[in-house]
Amino acid sequence: MRFGLKSAFTLLLVIGAAGASQLGCSDDAATPDDGGQGGSSSSSSTAATGGSTTAGSGTGGGSASSTTAGSTSASSTTAGSTSASTTAASTTSSGTGGAGGEEPLGDEIPMEIPTPTNGDGEIRTQTTVLKNAANGGQDVYDFNNQKIGVNNTADCDDGEGQKTVFEVEDGVTVKNLIIAGGLPGGNGIVCKGDCTLDHVYWEDVCEDAATNSKDGATMRINSSIALHSADKIFQHNAKGGSTTIVTNSYIADFGKLWRSCGDCTANGGPRNLIIDNVRVDKVKTTVAGANQNYGDTVTITNLYVKGGYDEDDDKPKICQEYRAVTDHMGESEKLHGGASQWNTDTCRVSKSDIKSW
């Protein structure tokens, strides 16, 4: 069959259009704000470095010296009532607020704590300090899903004073670690500078899961799980433009996912929070509590709330603004009657970014 010039040209246009329909583009994630640091955390940090903490890929440093308490069995507090399917749950919308029916972005969110590779786990007598390479340690500690706690004697509900399980020096990445649940979880992990907590799992948070404590530093939590906290999951004491970033994670059964310190000694700010691609369930108080009077910022994108956000009842609270105090002079005050705030200088959150699963 012969085609005329006009017919051939038409056929080329059709083929070109079909090919063009195969092409697409996606938006890149926003660049996080610069990070910060904060107040001190009480811990007897005499242990040199983590136990079997072989360097991960791309790290140097020799093997860390082990000053542990042997293999005292930890209480087995696995995910229990909050265990969920390892596969991503469906994200059909059921709340009255926010968009629904979209799968989480990027890396798959872990929904189940791995089985510990060291059986019932290890309880250490003192805080373990993870030194960076510049101080004779390593820049990456991969625990291969070991479960580790500390011999903490302070009750989880007695305010401050619990022992810290791991103190992490500036520039260190901690990977594949399970923090023992309940009393051995103590004050969790305290970052003394920039740190990354990647695939870290808290079975049952005692005081806090992790604390940002160095002014100007950034604490990153990625692909992690934190369960069961009467109050805060992530505490932010650091000032000076410090930042906490939580991505691709699952947080369930908690008071607050993040709180900027409301009454620290020499309190101030600003402190910044960035949340992206995170699933939450059983929020008792709020996802984020920020100090308006110190210039804090909360940026939330792709937050997946179990059952959805109920706009009529404002449940669960997403971002609350506070007027903080310093030197423990009174208590910080909730502003706006404690209602969730949207698209303010402090709460940089849109209802369209609160989704259901």
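Predicted model: local features only at pLDDT ≥ 70, side-chain atom pairs only at ≥ 80, totals over all residues.
Start with confidence. The average pLDDT of the protein is 79. A score of at least 70 is reached by 70% of the residues. Residues 1-98 are another matter: pLDDT stays under 50 there. The model still has 215 contacts beyond four places in sequence for that stretch. Where pLDDT is low, the coordinates should not be read in detail.

Now turn to the disulfides. The count is 4. Number the bonded cysteines in sequence order, and the pairing reads 1-4, 2-3, 5-6, 7-8. One of the links joins cysteine 156 to cysteine 206, with sulfur atoms 2.1 Å apart. The torsion about its S-S bond is about -105°, so the link is left-handed. Cysteine 156 has 19% relative accessibility and counts as buried because the cut-off is under 20%. Cysteine 206 is also buried, at 7%.

Next comes the pair of cysteine 191 and cysteine 195. Their sulfur atoms lie 2.0 Å apart in a disulfide. This link is right-handed, with 85° about the S-S bond. Both cysteine 191 and cysteine 195 are buried. Cysteine 261 and cysteine 264 form another disulfide, S to S 2.0 Å. Here the angle about the S-S bond is 110°, and the link is right-handed. Cysteine 261 and cysteine 264 are both buried.

Go back to the loop between strand 3 and strand 4. Aspartate 157 is found there. Its relative accessible area is 61%, so aspartate 157 is exposed. Serine 229 is 72 residues away along the chain, yet the C-alpha atoms of aspartate 157 and serine 229 are separated by 9.9 Å.

Salt bridges are the next stop. The count comes to 10. In one of them, glutamate 169 meets lysine 131, at 4.0 Å from N to O. The two residues are 38 apart and link distant parts of the chain. Glutamate 169 is in the loop between strand 4 (166-168) and strand 5 (172-179). Lysine 131 is in the loop between strand 2 (128-130) and strand 3 (140-150). Glutamate 169 counts as buried at 15% relative accessibility, whereas lysine 131 counts as partly exposed at 27%.

Further along, glutamate 311 pairs with lysine 351, and the closest N and O atoms are 2.6 Å apart. Glutamate 311 lies in the loop between strand 15 (297-305) and strand 16 (317-323), while lysine 351 lies in the loop between strand 18 (347-349) and strand 19 (354-356), so the bridge ties together parts that are 40 residues apart in sequence. Glutamate 311 is partly exposed, at 34% relative accessible area. Lysine 351 is partly exposed too, at 29%.

A further salt bridge joins arginine 323 and glutamate 333, 3.0 Å from N to O. Arginine 323 belongs to strand 16 and glutamate 333 to strand 17 (residues 333-334), so parts 10 residues apart in sequence are tied together. Arginine 323 is partly exposed at 40%, and glutamate 333 is partly exposed at 42%. Elsewhere, salt bridges share partners: Asp208, Asp231, Lys232 and Lys256 are joined into one network.

Note on methods: Residues numbered from 1 in each chain as written. Heavy atoms only, no water. pLDDT = per-residue confidence, 0-100. Contact = heavy atoms within 4.5 Å. Salt bridge = Lys/Arg side-chain N within 4 Å of Asp/Glu carboxyl O. Helix = DSSP H or I, 4+ residues; strand = E, 2+ residues; numbered from the N terminus. Buried < 20%, exposed > 50% of the residue type's maximum accessible area, 1.4 Å probe, protein only. Disulfide = S-S within 2.5 Å.
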